[in-house]
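Q: I would like to learn how to read a structure like this one, feature by feature. Please give the general idea each time, and then the case at hand.

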Amino acid sequence: MNVRRVEIKSLATFVPPRLLTNADLEKMVDTSDEWILQRTGIRQRHIVDPGVATSDLAAEAAKKAIARAGLTPADIDLIIVGTVTPDMLFPSTACLVQHKIGATAAWGFDLSAACSAFTYALTVGSQIVAAGGAQHALVIGADVMSSIIDYTDRATCVLFGDGAGAVVLGASTDPAVGIIDFEHRIDGSGGASLCMPAGGSKMPATHATVDQRLHFVKQDGQAVFKFAVRQTGEICGRLLKRNNLTGEDLDLFVSHQANKRIIMSAAERIGMPPEKVVINIDRFGNTTAATIPLALNDAVESGQLKKGHLILLTSVGAGFTVGSVLVRWGL
Ligand code: UT7
């Protein structure tokens with residue numbers, strides 16, 4: 001089987017217009033702008049209006065990404081949607097997006113890896129395109145976290161926002177540009193530290209699960225924090241070493257945006273100076289599968305990310321899931 005280099009042909013994002021600021025949250029739970037900003041780096045998040053689902057945000061980002069790649073929806077032959085908030089348990093959100101955008105020649109599926117869903121979907125999509133199994137893959141990270149957040153729980157409700165990002169993958173036209181390497185791990189021993197306990201096969205919905213608020217995100221913040229700091233540094237270190245690189249060789253560090261302190265500490269561990277780190281958690285909060293495309297988009301728009309840059313994407317999420325992808329940026 002011939003393997004070819006795969007590149008990101010386009011990038012687009014979509015966030016719902018409504019804002020939820022730290023000042024708004026101060027009126028909802030016992031918290032403060034100062035606490036949220038100091039502990040997380042977040043100032044505001046975008047939140048959907050009632051009735052708006054993950055597939056709606058994903059379809060908006062997808063349509064823009066396809067147009068920016070100079071393609072039509074009929075050119076897309078694979079759709080992967082990374083999400084932890086599918087519109088429904090089934091059918092897959094990929095099917096709903098396929099129908100909404102009119103991608104008549106596509107197959108596809110959802111990928112569940114929580115905050116690592118975008119790095120995982122990027123790897124899976126690029127491996128399929130590399131092997132010739134698809135010509136143009138649409139990889140989406142999208143989440144409506146506000147649909148599974150308990151807005152009476154101050155430990156979680158200040159952290160999350162809604163959003164979507166999409167990229168189109170295709171064979172590289174310039175062999176110097178594209179997805180170079182990846183490293184991923186899962187560690188199920190951390191399952192209980194970050195989960196939504198009810199609504200699955202283990203604990204189907206009942207009056208009791210609703211009364212006990214078990215259909216919302218539950219998190220042991222400190223356990224996740226410690227794991228994220230250690231594992232991000234380790235996985236990035238392994239990937240760089242295998243490619244005979246150090247942090248100094250990188251132009252940009254694009255991490256999942258869960259907490260500014262986690263990102264800066266991971267960057268320090270691999271020797272990346274603050275000016276080479278993308279931070280946009282202040283404006284979007286943690287949008288789970290959408291943080292990395294939102295960060296890439298901001299970096300492109302601000303001029304921080306340019307064609308030819310060597311960049312490292314990285315993520316840690318519920319599971320635990322850990323991911324890192326090395327990319328030579330071509331847009
Ligand atoms: O993307 C998915 C992966 N998720 C993550 O990466 C999240 C990782 N964890 C974190 O980012 C941090 O652990 C948090 C931001 C969630 C919490 O920060 P922390 O520095 O670990 O705080 P803490 O949980 O140790 O809580 C410190 C104090 C506690 O009060 P006491 O016990 O010291 O009196 C909490 O009750 O802060 C209190 N607290 C709050 N206070 C004001 C917790 N949440 C809030 C809040 N506002 N929203």
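Q: In which helix does valine 229 lie?
A: Helices are DSSP runs of H or I with at least four residues, strands are runs of E with at least two, and both are numbered from the N terminus. Valine 229 belongs to helix H8. Before going on: this is a predicted model, in which local features need pLDDT of at least 70 and side-chain atom pairs count only at pLDDT 80 or more, while totals for chains, interfaces and linings use all residues. Residues are numbered from 1 along each chain as its sequence is written, and side-chain values use heavy atoms, with hydrogens and water left out.

Q: Is valine 229 buried or exposed?
A: Buried means under 20% relative accessible area, exposed over 50%, and partly exposed in between (1.4 Å probe, protein chains only). Valine 229 has a relative accessible area of 9%, so it is buried. Of the 331 residues of the protein, 53% count as buried.

Q: How many helices and strands are there in the protein, and what does the radius of gyration say?
A: The protein has 11 helices and 13 strands. Its radius of gyration is 19 Å, close to the 20 Å from the globule rule for 331 residues, so the protein is as compact as a globular protein of that length. The radius is taken over C-alpha atoms, and the rule is 2.2 Å times the number of residues to the power 0.38. The C-alpha trace spans about 55 × 45 × 35 Å along its principal axes.

Q: Which residues come nearest to the ligand?
A: A residue is near a molecule if one of its heavy atoms lies within 4 Å of it. Of the 22 residues around the ligand, Thr31, Cys115, Gln222, Asn259 and Asn286 come nearest. By class, this shell has 10 nonpolar, eight polar and four charged residues. Here Ala, Val, Leu, Ile, Met, Phe, Trp, Tyr, Cys and Pro count as nonpolar, Asp, Glu, Lys and Arg as charged, and the others, Gly among them, as polar.

Q: Which element gives the most to the shell around the ligand?
A: That is H8, with four residues.

Q: What lies 2.6 Å from a nitrogen atom of the ligand?
A: A polar contact is a pair of N or O atoms within 3.5 Å; within protein, one must be able to donate a hydrogen and the other to accept it, and residues adjacent in sequence count only if both atoms are side-chain atoms. The atom at 2.6 Å from the ligand nitrogen is a polar side-chain atom of threonine 31. For ligand oxygen atoms, the distance is 2.7 Å to a polar side-chain atom of asparagine 286 and 3.0 Å to a side-chain N or O atom of arginine 261.

Q: Which residues are joined by a cis peptide bond with omega about 0 degrees?
A: Phenylalanine 90 and proline 91 are joined in this way. Proline 91 sits in the loop between strand S4 (78-82) and helix H4 (93-101). The bond from glycine 319 to phenylalanine 320 is also cis, with omega near 0 degrees.

Q: What is phi of asparagine 244, and is asparagine 244 buried or exposed?
A: Its phi is near 55 degrees, positive in a residue other than glycine. Asparagine 244 is exposed, with a relative accessible area of 71%. Alanine 114 also has a positive phi, about 50 degrees, but alanine 114 is buried, at 8%.
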